[in-house]
Structure formats: structure tokens, C-alpha cells
Amino acid sequence: KVAIKGIERELICPACKELFTHPLILPCQHNVCHKCVKEILFAFEDSFADGGSESSNQSSPRIRISASSMDRIDRINRSGIKRNSLTPRSTLFPCPGCQRDIDLGERGINGLFRNFTLETIVERYRQAARAAIAIMCDFCKPPPQESTKSCMDCSASYCNECFKIHHPWGTVKAQHEYVGPTTNFRPKILMCPEHEMERVNMYCEICRRPVCHLCKLGGGHANHRVTTMSTAYKTLKEKLSKDIEYLISKESQVKAHITQLDLLLKETECNSERAKQEATQSFEKLYHVLEEKKSAALRAIETSKNIRLEKLQTQVEEYQGLLENNGLVGYAQEVLKETDPSCFVQTAKQLHVRIQKATESLKSFRPAAETTFEDFVVDTAKQEDILGDLSFHSNGLEIPEINEEQSRMYNKALICWECPGKTDSADIYVLEYHKLNREEESVTWQKTEVCGKSKVLSDLDEDSSYAFRVRGYKGSICSPWSREVILRTPPAPVFSFLFDDKCGYNNEHLQLNPRRTSVESRAGFPLLLGSERLQVGCYTTLDYIIGDNGIAKGKHFWAFHVEAYSYLVKVGVVPSNKIQKLFHNTHDVTSPRYEQDSGHDSGSEDAFFDSSQPCTLVTLGMKKFFIPATPAAPKDPASRILPLPSCLGICLDCDRGRVGFYDAGRMKCLYECEVDCSGIMYPAFALMGGAAVHLEEAVTAKYREYHDDI
């Protein structure tokens, strides 16, 4: 048997706050006691007659209409809704579950289904609650005996002797259905409330309720899409069972959320006390003129705390309801015991929607309330003549945002952030970061305090992903954490070099900046003169330049930018023993239809390129990255063309004889191949036409720290 002691919240009427008694299903799929529905309707009708007076709100000693319901009544009165003999009567009902005005239609309360499944579950709960209290026979002479069975056709309970007397063998009553002792008697067949002599045998998918064949033929569901009751029963039961199994399988996750919410409750308590103390200290400085303001501020904090605690507590209870045998899941498990298709369908649809919502909230868990009280900051710097307007700062601290475009991961990590309002509302910022490691169960954030809006970090591991977040502080009040940003470090230590202006440098075609960190190909008069050769061959000269520093061993990484307007750029590495061959190579193939010997298109240009070039290079240009044609590369040329990243990187591993070309912004490898590392390796670049390459600037310890405006 499924324990039902944990599902009380699902069995309480939202109107009377007691266990359901003959519950009715409203069109909004909420359940309300039959008696409560009548009393609310009486009070609602009286409010129309009395103009929504307060005296009409006291019509029932069992329930009271809430202030929000009375506001809706007044709003309807003011809207001028009138009923007369020419207007079809449409009954409005203020649902206490969803706080909305529900149209019950012309039949009003008579058009509502009685929720027999919920009624049965309530009765099982009552029996479990009273445990030892027996159900007495309805026909015994005093003193009555304890009943042993109940007749569902007679709606009465009997002891053994009385049952034999009232159900003799050979009579029609002998065929009555009897069960164990119970006080919950319900009809065997669910009848249509609109056509009282017809049983429901279909389910309207539009209105989400059981209907009879007369409703479909000429009633209010004539043009609606319906399905058979057995199909609806099977479909809903399968969906509900599957979702319940999922929630039960996530019981450990639910318990973890409950534990987290318990911690948030305690944290909210602590932060609220802290906010109280800070508010008290601020008001004590100006106590003789701020006595009234002080009490108002404390009340505001207390109210905020109570609201947040109530929200968090409600969320705890909701998640407790997702545990097996508790709350919503327990109630759903009881509903699954229903064998009558009609009764099950009328309850299961609304329950399935709630189960789906619970499943979605479980997948995207978010606390119902914030634990910080940063909005309650008292400004004591204002003059005494405006103390009457003293109040808490509303949204005093903006949530900073990490700028991913300005942040860089190179030899060091540069993390930059800004406030949406472009104002310095915080006195100091706290930057936290941690390495993403799937093997670690708990996360340990490293913390650093920053006076500006950027920070250089130098203790990060290579080829690793890190999460960063930042928050602002003003005094003892802090803003919420920014959105976490994931950045990845380079795959190897950064290799520093400049462009070599001596070895093979052609100053007629190439131009270096004074610091030798940028090179530009000047498509000027010399190139036009060289283009005369196009009359006899389909090639022009590439202008090469190398780095002034070489690599003998180990693994190294460097990055650079290629201007978007560049027509043709080649980047890669060259060994020292082939540098002379590189600069004395008379021509380089650039036409896709060029072949050295035949002069026609034979499809062998890639083989010629691989065998003749003295260095390992890839081609860039026209905002594209071209993956070289190799046996392992895709056959389709279009699939070898990628968008050109804003920043490119090269990783050379001399020990393994491999070179990789990276999107340096995401640290993602685009292409990798083998390379001959027999000599000292140098970074190599080749440009043709209008093109420019800029080496990535190393991040220094003071980079941007005091130049946030640059």
C-alpha cells in the first residue's frame, strides 16, 4: 500500500482549507467542495445586488471571500455587466485556486463534474487518519454493531446479519455490489451533467472533459475533436505513469534541492538580521530626526524577509511533494489506482499538467526568492533638510557583466567587465574563478578583489577551461553575481617573437610597423609590374616573412589577427634548413587551375603543392579559412572552407612533430597535421595583394588595470 500521510496538501480545499467534501472540477481544472462552490456563488451574487458592500462578504461562516476576489467583484460591477431576459445567463465564479474569474456557462454549478477519484482518495486518507475508528452498521438496533461490508447500490453499511436480511438470496438485491466498510459511495457509472440520462463515453480534447454522445451530436461539443474514453484513459495513464517514474527516479535530486533550500532559508535569516543591523546603525546617527523612518525601514526589511521565507518555504514544500509517497507524487500514485476510465480521465488531465510543470521546474531549478538584501541601503549622506525623503536605494547596485570580447586568454588571462548603466556604482569588485573539472564533485572558487573593471590573472593552467563571475560591493552591500562566463586557456605556453626585418624581408612589397608586430602587403606599383607575367603564366609572387625567434623543442603557441580585407595570406612554420629555399623559390602556385608541367587542369595541384613547398602553411583570405586537401580531408571543396576567425592561433609540438591551427577566440583546433621538426622551427607568413597580419599582444600585469576608458 502507498502511504498517503504526505499528500495532505493535495486534499485540502482552497476555499475552506479543509479536506474536500464532494469536490467539483471547475473549467480551470481546480477542485472545490460542492458546498464551498454554492456559498461562494451566493456571496458573489449578493455582491452584485449590494454593489460589493462589505456586509455581503460575510454571508458564510464556513468561507470568506478574499480581498482579491472582492476587488474582482468591484471591477465587474464597475464594468457595467448587466443581465436581463434577453442576455443568456453566464455564471461567473471567482476560483480560489487560480484567483481568476471562471465562466461556468448557462448551467452554472449543475454543469460541473463531481471528482469521484479525488473523493475516493480523500476517503482513504480519512480512514488512514482515524485508523481504529470503526464504521457502524446502519440497520442494527441500538447498540449498533460494527459493519463488515458496504453496499454500493444501497449506499449503506451492514453487519453480517443485517446484510443477509436486506440482501436475501434469490432476490435482485443479492446481485448488488458490496465492498469493505466505507463511507464513500459513488455511482458505478459517470453520467453526463448536461444529459442526465446519458453516460459519458467520449473525451473532448478541446475542452478536456468527458462528454456523452449527445454532447457530440448536437450539444456544445458538436464541432470539437473527441476521442474514445478507452483511448484517452490509456494515453493519459501512460503519460502520467511515465512522468511519475521520472520524478521518482530523481528523488535524490529533489532531496538535494530541499537541502539547498534549507540552506537558503538559513542564509536569508542571517542576511535579514545583517540588513537590520546596518539599517539600525545608519538611523542611530540621525536618531533625533529619523525615529519614525527607522521603524518603517525595519518593517520593510521584516516584510521582505517574511515574503522571501514564505516563498522559499513554499518551494521546499512543493519539492517535498515530488518525493515518493508524498504530496503531488503521492496523490498521483493514488489517482493511478483508479480503474474507472471516466473517473480517471476527468482527474488525470489536470494532474498530468501539474506533473509536467513539476518536471520542468525540476529540470530548471531556481530558488523562489533571493537571499541578499542589497536594495535596503540607507543613504545617510544627504542633508538634514531632505531627511523626510530618506528611503532605501532601489536597485542601488547594478549587476556587472563580463565582456567576452574584451576579455582575453593568452600568456595571462585578462578579464574585463562593465555595468549595463555605464556607471561606477560599486566601490570594489570581487572576481571569482574556478577550473572546470568533471571529476571534482565540489567547486572551490578562487577569489580576488579589484578596484577597477579588469583583472589580469597569471596562475591559470594551460589547455583548461575556467568559469568566471564577478559582483560589486558598496560598503557591506553586494550585488548579485554576474552570469558565469566560460573561457579556455591556450593549449601550450605562449611563444613570443617579432617579425624579422632582415632575413628575406622585402621592403618593396611589405611594410612593418615600428614595433615589428604588424606586417602589411602593399599592393602598389611593383605588383602591377609583376602582373605582366600573367600573359604567359597563371602565377604571381608571394612575399614571405618569418619570426625573429625560433623553436628547438617543446610545445608552443602563438596567435595573430588577419585583417578582413586581406586577399591572400598563408601562415604556418618553416624549419631553419629550408628558409633559404623559401625565399629563393621563384614562384608559388596561386591559381586553382595551374599545374607546373602541363599548364592545364589535371586535378593534381594539391599533390604538386605538398611536394614542392619548403614549409607547412595553410591558406587564408577573403574572410575564409581553407583546410588543405589531404587524404583525410573531405572530398567536397566547399566543406573544406570555414569562416575566418577574428583571431587565429598556431600550436607547434616539436616533440610529437605536429602543428595545429586554432580559432584562438574559442581555443578550438580547426586543422592539425604532421610537420618535419628536424631543425629549428620559425613562424612563417606569406602575403599577396592587399593583406595585413597583426601579432597578438602579450597580456602584461598592468594591462588595462588603470586604463578602463581605452
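Guide: Strand 28 and strand 29 form a hairpin with 2 residues between them. In its turn, Met622 has a positive phi of about 55 degrees. Strands here are DSSP runs of E with at least two residues, and helices are runs of H or I with at least four residues, both numbered from the N terminus. Two strands pair if DSSP finds at least two bridges between them. This is a predicted model, in which local features need pLDDT of at least 70 and side-chain atom pairs count only at pLDDT 80 or more, while totals for chains, interfaces and linings use all residues. Residues are numbered from 1 along each chain as its sequence is written, and side-chain values use heavy atoms, with hydrogens and water left out.

Strand 28 (residues 616-621) and strand 29 (residues 624-626) are joined in the antiparallel sense by 3 bridges. Leu620 has Phe625 in strand 29 as its bridge partner. Strand 28 also runs antiparallel to strand 26 (residues 568-575), with 5 bridges between these two. Thr619 in strand 28 stands opposite Lys570. In a regular strand the side chains alternate between the two faces of the sheet.

The axes behind the angles are lines fitted to C-alpha atoms, for helices over the stretch in contact, and angles run from 0 to 180 degrees between N-to-C directions. Strand 21 pairs with strand 22 (residues 518-521) over 3 bridges, in the antiparallel sense; there Leu512 has Val519 in strand 22 as its bridge partner.

The loop between strand 20 (485-488) and strand 21 holds Val494. Leaving aside residues up to four places away in sequence, Val494 touches Tyr410, Asn411 and Phe557, where contact means heavy atoms within 4.5 Å. Val494 and Phe557 are 63 residues apart along the chain, yet their C-alpha atoms are separated by 4.8 Å.

Another open sheet has 3 strands in the order 10-9-11, with antiparallel pairing. Its edge strands are strand 10 (209-211) and strand 11 (226-228), and its neighbouring strands are turned by 40 degrees on average, direction ignored. Strand 9 (residues 202-204) and strand 11 are antiparallel and share 3 bridges, and Tyr203 stands opposite Thr227 in strand 11. Helix 6 (residues 229-249) packs on this sheet and touches strand 9, strand 10 and strand 11. The direction of helix 6 makes about 85 degrees with that of strand 11.

The last stop is the largest pocket. Domain 1 (1-46 + 89-132) and domain 2 (231-363) both give residues to its lining, so the pocket lies between them; the domain bounds come from an automatic or database domain assignment. Helix 10 gives the most to this lining, with 6 residues. By class, the lining has 14 nonpolar, 9 polar and 9 charged residues. Here Ala, Val, Leu, Ile, Met, Phe, Trp, Tyr, Cys and Pro count as nonpolar, Asp, Glu, Lys and Arg as charged, and the others, Gly among them, as polar.
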